[in-house]
Amino acid sequence: MEKKAKNIDGEKDAFSIALMKHSGQVKETICKWKYEDMDVLEMLMNFANKLEKKDDELWVSKSFIYRLAEEFERLKRDDGYLLVSEAAFEAELRRIIGRTSHGKKDARREMVENIVRDLSQLLVVWGLF
């Protein structure tokens with residue numbers, strides 16, 4: 001994993017994460033720490049913070065992750081790349097996050113748009129579209 005991260009583009013400025021499921025299947029991702037002005041770690045930490053249930057604050061149910069996976073499972077190629085356009089992905093992401101988010105309506109709408117923007121940017125730089 002370390003070698004893969006160091007070889008992402010010759011800059012040695014990346015990290016990798018591996019997840020081993022109970023079935024033994026391994027999912028890996030490699031990502032640079034930053035893409036131009038986008039700090040990936042900060043973005044992911046902000047998003048993870050939104051997945052924590054909080055009283056009187058905005059948050060997104062963790063069920064969002066499972067719903068998103070269910071919706072796009074049939075729309076992936078064998079290599080994991082999505083068979084839908086970026087716009088279609090964003091629309092579905094917006095719908096699912098909107099349905100699983102909690103808090104005041106106007107503030108929720110802004111949070112959803114921010115999450116959609118950030119996750120879409122990340123998926124674009126990863127080349128999943």
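Predicted model: local features only at pLDDT ≥ 70, side-chain atom pairs only at ≥ 80, totals over all residues.
Me: Why is Phe72 called buried?
Reply: Its relative accessibility is 6%. Buried means under 20%, so Phe72 counts as buried.

Me: And what makes Phe89 count as buried?
Reply: Here the relative accessibility is 5%. With the cut-off for buried at under 20%, Phe89 therefore counts as buried too.

Me: How many aromatic pairs are there?
Reply: The count comes to three. One of them is Phe47 with Phe64.

Me: What makes the pair of Phe47 and Phe64 edge-to-face?
Reply: The angle between the planes is 80°, and planes over 60 degrees apart count as edge-to-face. As for being a pair at all, the centres are 5.6 Å apart, and the rule asks for centres within 6.5 Å.

Me: Which parts of the chain does that pair link?
Reply: Distant ones: Phe47 sits in helix α2 (residues 40–50) and Phe64 in helix α3 (residues 63–73), 17 residues apart. Both Phe47 and Phe64 are buried.

Me: Why is the pair of Phe72 and Phe89 called tilted?
Reply: The ring centres lie 5.1 Å apart, with the planes at 50°. Under 30 degrees would be stacked and over 60 edge-to-face, with the rest tilted, so this pair is tilted. Again the pair links distant parts of the chain, with Phe72 in α3 and Phe89 in helix α4 (residues 86–100), 17 residues apart.

Me: How are α3 and α4 packed?
Reply: They pack at an angle of about 145°, and their axes are 10 Å apart. The crossing is right-handed. On the α3 side, the residues that meet α4 include Phe64, Leu68 and Phe72. Their partners in α4 include Phe89, Leu93 and Ile96.

Me: What makes the reach of α5 close to the expected one?
Reply: Helix α5 (residues 105–125) has 21 residues and reaches 30 Å from its first C-alpha to its last. At 1.5 Å a residue, 30 Å is expected.

Me: How do you know that the buried residues of α5 line one face of the helix?
Reply: Look down the axis of α5: the buried residues fall within an arc of 160°, so they line one face. Among them are Met111, Val112, Ile115, Val116 and Leu119.

Me: Which residues are exposed on the other side of α5?
Reply: Asp106 and Glu110. To be called exposed, a residue needs over 50% relative accessible area.

Definitions and conventions:
Residues numbered from 1 in each chain as written. Heavy atoms only, no water. Helix = DSSP H or I, 4+ residues; strand = E, 2+ residues; numbered from the N terminus. Expected span 1.5 Å × (residues − 1). Buried < 20%, exposed > 50% of the residue type's maximum accessible area, 1.4 Å probe, protein only. Arc of directions from axis to C-beta. Phe/Tyr/Trp six-rings, centres within 6.5 Å; stacked < 30°, edge-to-face > 60°. Axes fitted to C-alpha atoms, helices over the stretch in contact; angles between N-to-C directions. Left-handed = near helix turned anticlockwise from the far one by under 90°. Contact = heavy atoms within 4.5 Å.
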